[in-house]
Amino acid sequence: MAATSSMFMYSLTIQPPTAVTQAILGQFAGTKEQQIVTASGARLTIHRPDPTQGKISTILSQDVFGIIRTLAAFRLAGSNKDYIIIGSDSGRITIIEYVPSQNRFNRLHLETFGKSGIRRVIPGQYLAVDPKGRACLIASVEKNKLVYVLNRNAQAELTISSPLEAHKPQTLVFALVGLDVGYENPVFAALEVDYTECDQDSTGQAFEDLEKSLVYYELDLGLNHVVRKWSDPVDRTATMLFQVPGGADGPSGVLVCGLDNITYRHSNQDAFRVPIPRRRGATENPERKRFIVAGVMHKMRGAFFFLLQSEDGDMFKVTLEMAEDEAGQATGEVKRLKIKYFDTVPIATTLCILKSGFLFVASETGNHHFYQFEKLGDDDDETEFDSDSFPADPTEPYNPIYFHPRGAENVNLVESIDSMNPQMDCKVANLTEEDAPQIYSICGAGARSSFRTLKHGLEVNDIVDSELPAVPTHVWTTKITREDEYDAYIVLSFTNGTLVLSIGETVEEVTDTGFLSSASTLAVQQLGEDALIQVHPKGIRHIRADRKVNEWPAPQHRSIVAATTNERQVAVALSSGEIVYFEMDTDGSLAEYDEKREMSGTVTCLSLGEVPEGRTRSQFLAVGCDDSTVRILSLDPDSTLENKSVQALTSAPSALSIMAMADSTSGGSTLYLHIGLYSGVYLRTVLDEVTGELSDTRTRFLGPKPAKLFRVSVKGQPAVLALSSRSWLGYSDPQTKGFMLTPLDYVALEHASNFSSEQCVEGMVGIEGKNLRIFSIDKLGNNLLQQSISLTYTPRKFVRHPDQPLFYIIESENNTLSPLTKKRLLDDSNLVNGDAAVLPPEEFGYPRAQGHWASCIHVVDPINSKAVLQQIDLEDNEAAVSIAAVSFSSQDDETFLIVGTGKDIAVAPRSFTAGFIYVYRFLEEGKELEFIHKTKVEQPPQALLGFQGRLLAGIGNELRIYDLGLKQLLRKCQAQVVPNLVVGLQTQGSRIVVSDVQESVVYVVYKYQENRLIPFVDDVIARWTTCTTMIDYETVAGGDKFGNIWLLRCPQKASEEADEDGSGAHLIHERQYLQGAPNRLALLAHFFPQDVPTSIQKTQLVAGGRDVLVWTGLQGTLGIFIPFVSREDVDFFQTLEQHLRTEDAPLAGRDHLIYRSYYVPVKGMIDGDLCERYALLPNDKKQMIAGELDRSVREIERKISDMRTRVAY
């Protein structure tokens, strides 16, 4: 096969992964306030917590095109800025800084030490920093440790030394932390196991006697080498270390956290140990021991404490009590270790305590939480346990300790940050009959799981909604004088009159404003210093500050049809096609320009730009005519109303707006002409400020109604509000400064205007039917809106009702008590009060029990009631594993819901006692399910699908066809088609694509006359399939467990042979090839997106867009693949991608091409996320790449943005 693929796809991320693997805290901007830096897969994001509002906003997010394994913040002594060290899969240590003035990350050092990839002996897994910022240690899981000395040179720049080695072969590292030793030589502590003897001992005795040690490594700054200073055995179950403050702040040393115990250790102190408290309650197993999974140490003036979290989410406050001398002064000696229950929060990967009194919880699953501390748990009545009553020796037994969990008292949730991790399944469908489809997804784990609806749009904050006496056509707001901070009037125009409302504490009608109320209004403007102007069909009314009115009447038998104004100029178009232009004189009166300019057709719209700073007039007037043209006329005194340029359009323009906006190409601001057409198309074109030429036009379809445009201000930036069948906002993206056009999640408005008052400084006012609405837009960062419905257990799969907007979800939770068992335990126990309290599972999780399953089926209505309509719990320790809606031809094509379950499932190694297939009938248009019968099968059916009016089930490695009987399902046909386990089914016609858990996909054909299933083509490579979809009859796209996405195609000849009429005997007797099917699939495209794909489908995302492949990833990623149409585009983007690989090398030092080819060389795919970084390059690099590609910078940016906007967001 040729090296170049015949098919090319362009990969884009719509929503980056939301699972945070690690978070660090520091003053990265060099100011007093702290920021949070998080790592999600390959993305590095910096967040700014706002303590006044209790909100977190994202400042910058960047894809580093490499897996971030670990992060650390450090600061050189005496400086006030933190740097970030990244341990990644590039085999290099990276030090970066955040540059707030340019809002970007800047790489300071990149030191290579080993091979790339994530390997056992290549450092990068563990990273520890000396608290005084003098050195860092980067270690691998086995053998290798490297110490880098950090310093600054004469120019006060950060320097990094050559690495010092601290290797020890055949040693596994479990945890690593830097010790706080003040200004003595830096020391690092590690939990290690030496397995040399285990390797040689075949009896297994050495493994039983194995010891885990706490080891101190000291960096001697004078001699510049690392020594292994101290080693002592600790509890064998120990997994985590926490640094204890040292120097003047505390005793130094570490907390060692193991199974059911926490121990304080240091080389010159005694050991102190406390157990981890266990939950008390009727449904809790008193014997279950807990681990510590996350924790944080916080230093305050003269004191410090730890918050450590167990795997139930319970946080414990751990403190050290120091011994005192006779004078009552604390000595450096530890007296005892204390622990008490603090609060319960979701299980975290990282906890961060901010100096401003907030706690950031980067949740393992579900939304991340931002809490505010109410108090520090010092004066409550929780029992405090101390180390006096427990032996320090890890081998000695002790009595466990218990506590009663309770609702949070010490922390208070102020913000929940949307996260769709883990994302289990997803469907794209248009259930609300809007222009564009919505994305429905199931995500989360346990009781914090949810069903989410994602919609493209900006969140709108509704402030006022009041009804008017009649239906207005237009609305404006205006100040009275130029110096006014806020608007004074809202002017509403009706078909036969005008209404003026004053803005104050309340909004009420006023009549003495000088406005003409008997005619409709075309334009309102605050003119000059303190005058107002009103344009109506019969003339222009100029209202002075002393309420004197000057009237310019329209010429006889002609009326004004269009008008545009700014604070110094007015232009109107008459019904005869003439344009009359006025400019303000020095005395504040309006002077008419002598000549009228005749246009060729009827004028439909006009626009004047704002007067630029320091100028007396706007240079240009844009005129739109019904002959589908826009002309730019000059307003220069020497060449007034002369034609500068003309642009032909596809339909007549309905609205124009000239405005300056931030521009990513030039880096400054540029003048744009925004055009709305009667066909509902929006165009944005660059208007040259000198020549008036129009260039670089970008188009977007808004909706079927004519587009109207309004100049508004959002977040201090000029923006354009475009109204068609939906309302859209065009604005500059806060991070990239690129132009974004996003629909508002709001009613369709007829007309709108900017609005500013004391209560709402930056808002908009709009009319919808008879309603006047005032609203504001607060967030521009997130253009995917989420609505969420809580579920009971971890969702596994879901299907949509064939006709109704309803979804059916199967959920199951392992090692969790089912509701029946829980009820029985509560009824049986004669309980002391306090134990009987049932805790809300959303906060505290479900009671755990080994080997138990809790499982249910949910009916969800995301459109009307936005809630769960019915819940069916499964009994007898069964767990639902698959679901399908199948119409049976034997039942007059009635659709039934089929659910596959397994009894007593153990996940690894895989075992079960039976499998069942349940059949449910839809009642009340699918809102209720009625159980009909269940059929016992040998194994849990992992895949179900409707096929030619019957049910296709994958049971173990067999494929079966069932029909619906009265008492149970009837087996009609079966065949063994895959080697291991069927995990997915897709079908078109009589062809079935069967996914195997580890052997990729097999194409099977069903021969109806012979009633046989015959596999005829399979794959060369063993792929651990997670999801598949058929793109066309020959091609299948799928994802695997290792985070790859691939496209496979069946050879044309094999495909045609399989569909030949007849018995299929020629397929059965064809010779097998290497113990497989007779033919092999060809690989068309392959890509590594760095997230495990959980669903993939072919669909459209925007109105009138092309078909794309939409995939979702386990960590919450949403991505698309766009097929290229022309070879020319492919060549362009391939060249651009090659230039960007060298000019904008990935931040963490990973090679981009190798990263995207992690397991298999990348093929037939162009990385759009890399191409989109072009807009963020410095100008000289942009120009250089543009020169190489023989295009202009604007042209390249337009091509890149068109790829995204034509098919997605």
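**Entry 1**

I began with Arg-48, which forms a salt bridge with Glu-33; their closest N and O atoms are 3.0 Å apart. I then looked up where the two partners sit. Arg-48 belongs to strand E4, while Glu-33 lies in the loop between E2 and E3, and the pair, 15 residues apart, links distant parts of the chain. I noted that the structure holds 69 salt bridges. I also recorded that this is a predicted model.

**Entry 2: the sheet around strand E4**

I next asked which strands make up the open sheet and in what order they stand. There are four of them, ordered E2-E3-E4-E5, and their pairing is antiparallel. I looked for the edges and found strand E2 (22–26) and strand E5 (55–63), each of which pairs on one side only. On average, and with direction ignored, neighbouring strands of this sheet are turned by 25° against each other.

I then examined one pair in detail. Strand E3 (residues 35–40) and strand E4 (residues 43–50) run antiparallel and are joined by five bridges. For Val-37, I found the bridge partner in E4 to be Ile-46.

**Entry 3: two annotated spans**

I consulted the UniProt record for domains. An unreviewed entry gives "domain: RSE1/DDB1/CPSF1 first beta-propeller" for residues 19–394. In the model, I find this span to be 2% helix and 53% strand, with the C-alpha atoms at its ends 36 Å apart.

The UniProt entry, unreviewed, also places "domain: RSE1/DDB1/CPSF1 second beta-propeller" at residues 462–777. For residues 462–777 I noted 0% helix and 54% strand, and the end C-alpha atoms lie 9 Å apart.

**Entry 4: a pair of packed helices**

I turned last to two helices. Two packed helices are described by the angle between their axes and by the distance between those axes. Helix H7 (residues 1127–1143) packs with helix H11 (residues 1193–1205) at an angle of about 110°, and their axes are 12 Å apart. Angles of 65 to 115 degrees count as roughly perpendicular, and H7 and H11 are therefore roughly perpendicular to each other.

I listed the residues that make the contact. H7 contributes Asp-1129, Phe-1132, Phe-1133 and Leu-1136, and H11 contributes Ile-1196, Lys-1199, Ile-1200 and Met-1203. How many residues of the contact of H7 with H11 are nonpolar, polar and charged? I counted six nonpolar, no polar and two charged.

Definitions and conventions:
Residues are numbered from 1 along each chain as its sequence is written. This is a predicted model: local features need pLDDT of at least 70, side-chain atom pairs count only at pLDDT 80 or more; totals for chains, interfaces and linings use all residues. Side-chain values use heavy atoms; hydrogens and water are left out. Axes are lines fitted to C-alpha atoms, for helices over the stretch in contact, and angles run from 0 to 180 degrees between N-to-C directions. Helices (H or I, at least four residues) and strands (E, at least two) are DSSP runs, numbered from the N terminus. Angles under 35 degrees count as roughly parallel, over 145 as roughly antiparallel, 65 to 115 as roughly perpendicular and the rest as oblique. Contact means heavy atoms within 4.5 Å. Ala, Val, Leu, Ile, Met, Phe, Trp, Tyr, Cys and Pro count as nonpolar, Asp, Glu, Lys and Arg as charged, and the others, Gly among them, as polar. UniProt positions are given in the numbering used here, feature names are shortened, and annotations may be inferred rather than shown by experiment. Two strands pair if DSSP finds at least two bridges between them. A salt bridge is a side-chain nitrogen of Lys or Arg within 4 Å of a carboxyl oxygen of Asp or Glu.
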